[in-house]
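Dear colleague,

Please read the notes with the structure open beside them.

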Amino acid sequence: MGERRDRDRSYVWTAGVLAASAPLLITLCLTLWHTPYPVNEAVALFEDVEKKPPADFLIPDTSYYRPLFQLTLMGIWRNTESLEARLAWIKLVHISPVLLLVILFIWYLRPRTFLDAAVAAVAVAVLVASPGFRDNLEIPLSYTAMAMPIALLVWMLVNTGPRAWHTAVIVALTLIAIGFKEQGLVLVPLVVVAWWTRAPGASRALVVTLATIAIAYVAFRLHWRGKWPVFEQSMGLGFSVLEADEAAARFGAFPFWMYAYNSASTIANVLFSEPTSGLFFITRNLRYGNLQAWEVVQLGSSAALTGVIAWWGIRSLRSAAQGLWSTESRTFLAMLVALLSCGILSFNYSRDRLGGMVVVFYALAAFFALRAAAGQIVAARRPRFILAALALAILAGAWHVRAVGILESVRRTSDANQVGWLVQLAQRRMEFADRPEYLQIMEAMIDQGTDQAVPRPTRYPRWIALTLGPR
Amino acid sequence: MTTNQTLPMDRRTRFVAALITTPAVLAALAVLVIDVWRFQSPNAALLTAPFAYSLADAIAADNVQEAYTFIRAGQDPNELIAVRHPVLTDGRPVLVSPLLWAVATQKRNVLLMLLGHGARMDRAMDRSAGCLADALGDANIASLLRAYEDAVPREGCQARNASAPLLSLIEKAGSAK
């Protein structure tokens, strides 16, 4: 009877969190739906799937190996009649996992009390407002956006009672995630953590299977290593940006310090929202007195939340030290392992999006940590209670402001994509004159790129705009 | 009866939960209100780019999207537009092509937009647009224009009146014709 009442109440609070998150989520998805494809990324991708044979996408003779992503695009491109339908399906492939991730996240947390629900709403804001999430919203580059809900789904499966079909499903999901981007490899150490901490759904057979897949994948990629440049893309270093050839000239003889810097940058970006792509942008503005409100909000809220997570995580590991692994301690360990894995996988260059896989676990950890902090605050003496409760509310508020800022960020991208379609056509017609398929696709896509109804940033008063994000 | 009811939540817990929930509710309401407004009044000042009265104004303001709105609405990107500038035209109203006006005001993005959406260099003064960019010291725009076959090369440019470069170019192009 009590269990049923508890379950009923969980549905009510879960519905409450879904309702509170719905305006943001629906607006985000609609904005993405109406966002024009970027001329500089999308056209070349579509040209590839139109021209190349499928087998070309399976050979890892490039650092950017995303066979399943490209085969998915190809499947849509070649099996759909009209351009409008193709573009719509490709957008759907990107938006669906974003939507699924947030809904699954709320479903997994399934709050049972008012406090749980309040904290879950903050955790949703953490998930959506993290740089690793925002940077994976760039249409049509759904590589990591696809792997993020898969990571959560796998984590849910290994944390529930074992079923005969679990292993097959987890292996299939892992292969899909890796096929979309190598960031999917993060799932392998996550399952190892689950097994090591005695999660009910993580079997030894599953661990052995995934480890074999990971080793085979890495061996397959390393076999083609000779064709990779030392550095692929530009990277931030301190307060300045190095182009790839410049970095190769400076660090090519011993690139490992630079690799370590890139990895540490990705990790720090997840934890502190700084640096971005290795560039200490906010710190630079702080040093030169150009700090803006959004930078204070981002750095402050991330640092404070990371502090709370560290406090809770260490506390939860104390019980684990006695061999008593709980969902909380397991989640903390999973977050650390995902963080490290994402860092390692981004050794060549750091980008916000490369921390996407860990964002899921950072947000889960935020839920448990904030709930634990609220529990402590409630038991504190009156003056400390009031101050700490206010501090918690400010932290929650900062993350919700950041979540609203994500909408503006997506609108800015939409606006920038449209400007791209307006200003880049003339030069591209000259530059790609010898690529008729490219030009044909580009010309056919002009209407969607120059549509007058594309999402545009809200023209908030300056102080609001500067609080929500860069202008 | 009380045994079957939920125990009353501790007031402090409820207070903390309410405090944390408040920003979530406010954020949700803010998003909802703005988006309903966006749906109902898509042309509200908060939601649209600054308005321009003419293509010439949009070009001068470097407002690529607004300039394109005129082209999309049917304005010919090669049709002459009336402009006036205290320095470039010495305060006199003159008729120039949108392309030349974009070069004169050094609005690279608008120039690229015009070139991408139908602007041509058919007229003598448009073919000399690179010379105007040279006179204004904008090497970037000059090289961009000279990527087109019809553009007058640097060595083919005539000397200009430095105080009113656009006016000078129009007069020279007129006399050459």
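From the N terminus on, chain B runs α-α-α-β-β-α-α-α-α-α-α, which makes nine helices and two strands, where helices (H or I, at least four residues) and strands (E, at least two) are DSSP runs numbered from the N terminus. This is a predicted model, in which local features need pLDDT of at least 70 and side-chain atom pairs count only at pLDDT 80 or more, while totals for chains, interfaces and linings use all residues. Residues are numbered from 1 along each chain as its sequence is written, chains are lettered from A and ligands numbered from 1 in the order in which they are written, and side-chain values use heavy atoms, with hydrogens and water left out.

Of the 177 residues of chain B, 46% count as buried; buried means under 20% relative accessible area, exposed over 50%, and partly exposed in between (1.4 Å probe, protein chains only).

The structure holds one disulfide over all chains, a disulfide being a pair of cysteine sulfur atoms within 2.5 Å. It joins B:C131 to B:C157, with 2.0 Å from S to S, and is left-handed, at -80° about the S-S bond. Because B:C131 lies in helix 7 (residues 129-135) of chain B and B:C157 in the loop between helix 8 (139-145) and helix 9 (165-176), the pair ties together parts that are 26 residues apart in sequence. B:C131 is buried, at 4% relative accessible area, whereas B:C157 is partly exposed, at 22%.

With kind regards
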